Amino acid sequence: MLGFSNQTIADLLYWVTRKKWLIAAFAISIFLFYIPSPETLSPEGHRTLIIVVIALILIIGEVIPLPAVAILILILEVVFGIDTPNGVATSFMSDAVFFIMGSLMMAVAIVSQGLDKRLALGIIKLTGNKTWRIVFGFVAISSILSSFIGEHTVAAMMLPVALTLIRNTSDDQKAVHRLSTILLFSIAYGCAMGSIGTPSGGGRNVIMIGYISEFGLGNISYLEWIKYAYPMLLLEIPIAVALLWMTFKPEQRILDSAVRKLKVKVTKAGEMTGNQMMAIGIFILVFLGWVFLSPYLGLGIVALIGVFLYLSFGLIEWQDINRNTNWGVILLFGAAISLGIQMKETGAAEWVATQSINGMSMVIDDLGFMQWFISVFLTGILTNFLSNAATVAVLGPVVLDMGGNPIILGISTSIASAFAYLTIVASPTCMIIHSSGLVKSSDYLKAGWKLFVISIILLFLISNLYWPYLS
Amino acid sequence: MKFLIAIGSKEYSGPTLELGMRVAKAFNAAVDIVYVGDKISAFSTSEVILAQENLENWELDRQGVDVLQWAFEYLVENKYIHSESDGGEFNTDKLVQTDDDRCEVHLEGRMTQEVGLILRNGDIIQQLRDEVKRSNIDVTIIGASKKRRMIHDLIQYIDSSIFVVKNYDRDRDYKLLLAVNDAPNTKKALKYGVRVAEAFELDVNAITISDSKEFRSDYRNASKWADKFLRRAGVDHSVNLVHGKFISLMNETAGDDHIIVMGNSTKSPLTKFFTGSKPLTVCEECNCPALIVK
């Protein structure tokens, strides 16, 4: 056919079948480009929304590398005449991007210190050998730790603890399937729930704080965020434990021998080393910096100070940081934040907000509830298919343009982006426990949908009954 | 020659590994055994690698290593490899990371040439394609999948012969069913078929199926050539010219006690994409192992 060999045609067909979402993204964007802009939307806003559609399709489909999506967003912002090259460059780099970069680098530094063995010993001392107490300990410790140091750091440290317990209980995976599932989900859901607790729990919290400040809607300090979000975190811990226990009743109610073997294993690690103490000390300094200095220096710069200290004291090599830091994700979040800012500046965010409210007004009368529902529900759904930080980066400006109390809507959106309980790809913690090979994709839905619904109800109650007293 | 055996789990991949190694032995081929783990989302790649590296500090293996260990034990038990230097134990330290999503260990073969154990992560078709290209694989051996698209993608996009191991039982007496026609791949299929038949001491049934009652001269000649080839190879065989629907006759003849060997279709990939092909339908519908020779 046309002088092509069968192999060439087969390769071409293969490319087309694998890149169908890329082809669809461009076809849809060309179609959208040539339809007239709605009257209430500026041409720049129209073109910004086209970029949003392309980016969402490419990110969800994962058909091209994430850095390529990031680069495409930046190119299109300039080519479509939405902003000047310097304007795009300025919106690309912000304190939120510094924070994401710093926290990913600190994760590598903290995980490599071997502190997980101390953590394991601490948990076991607290919980004893009863399975329900261990599950409670896993959820509580994962939540509280990840509220300060980021969810994937905690998940990476907790995973070996859980796997050691599972493998010491039985070599037969089928005999311990429910035990494996409940322990691993205790980590994943605990980390996700914890990430809402403080701004440093997740990059998306910092992105939202950045938007609220940049759009002149207010300033939220580290401690103020804790006042809003921590009660929800604490309430969710027993709920999640009960839900997990009811969904995956483990085969073993006592893990006597497994706990004993774990103790023997971690005791071999010996006394705490100087480097470990220094690593903890630096993190405490960073935490204090976030609490007291972030209004002046920014959360991102404080995180970078932490990285500087870890590197300067020789606690981590640059090669290790370079190898284990997801630079593609950093680029993508920078580009997504830039896109969010362009959505605000071109009026695209306001247009989407107005259209959403008009559309929903046929179903819901109460404007305040509608604004809250759209922001929380849409974020909750999107975060299960997209990264939670990317979700907030794209939806943040829309939510903040809906009217109502921007602080309540902004924090609600950020918290809802942590409801990543339903799919494997929802968050790095879900992916980390899946990489153990011990949980099935159907397990995510089994407990996830219940926690998702209860979390939305809890957020509704807290944002309506408790937050108004804080403002 | 080089064979690639794709395994997925201890529970289901036993027949694939056993039949694959026996066939590889018949060809005196080098063998790579590959386990392809789940695809890791691009958002989480570094985080998952960080978690997996941390597992090594606890002397815990990442997903898939246990399956390679099981394959190693099978190879030792059946004397396919020399393992004296490692005391018969699978040493995970020898797994070398060659790419972000690939690590391997090479073992010295006894009854075959070198045997490689490979761990990969990602989309299975993409990973097998990469492995076939990287190592110049001649035959890819894989267990049957319930997904129709999977068999289609294997036959369409993997640039090697494909052996789909379906419903294989080592205690069953098998025969070899050779589909013969005038297609260019038939001669190669015959050669492969003879090697398999000799190694397994199987009787060969060479069948030529025509849609119409009148057999074209090309079909008759192909059948005669097959008869001559099998006779010269000294293989017990029968040659049959039958008319009827290809798929139903193949299905009926093969039952569950044949190993099917046939050449790949020479239709254009575009045509195969939209209308399918005989080898694809055979792999889907027949209830026995099938080798599609390219």
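Chain B splits into domain 1 (2-143) and domain 2 (175-293), with bounds taken from an automatic or database domain assignment. The model is a predicted one, so local features need pLDDT of at least 70 and side-chain atom pairs pLDDT 80 or more, while totals for chains, interfaces and linings use all residues. Residues are numbered from 1 along each chain as its sequence is written, and side-chain values use heavy atoms, with hydrogens and water left out.

The C-alpha centres of the two chain B domains sit 31 Å apart. Seven residues of domain 1 of chain B are in contact with eight of domain 2 of chain B (contact being heavy atoms within 4.5 Å). Together these domains bury about 710 Å², 79% of it on carbon and sulfur atoms; this is the accessible area (1.4 Å probe) lost on putting the two parts together, summed over both. On the domain 1 side of chain B, B:L19, B:A26 and B:F27 supply 63% of the area buried against domain 2 of chain B, more than any other three residues. Helix α1 (residues 14-27) of chain B gives the most to that side, with five residues; helices are DSSP runs of H or I, at least four residues, numbered from the N terminus.

Over in chain A, A:S143 belongs to helix α8 (residues 131-149). A:S143 counts as buried because its relative accessibility is 0%, the cut-off being under 20% relative accessible area (1.4 Å probe, protein chains only). Leaving aside neighbours within four places in sequence, A:S143 is in contact with A:G190, A:M193, A:G194, A:L233 and A:I237. A polar atom of the A:S143 side chain lies 3.2 Å from the backbone oxygen of A:G190.

Terms used: Chains lettered and ligands numbered in written order. Helix = DSSP H or I, 4+ residues; strand = E, 2+ residues; numbered from the N terminus. Buried < 20%, exposed > 50% of the residue type's maximum accessible area, 1.4 Å probe, protein only. Polar contact = N/O pair within 3.5 Å; in protein donor to acceptor, adjacent residues only side chain to side chain.
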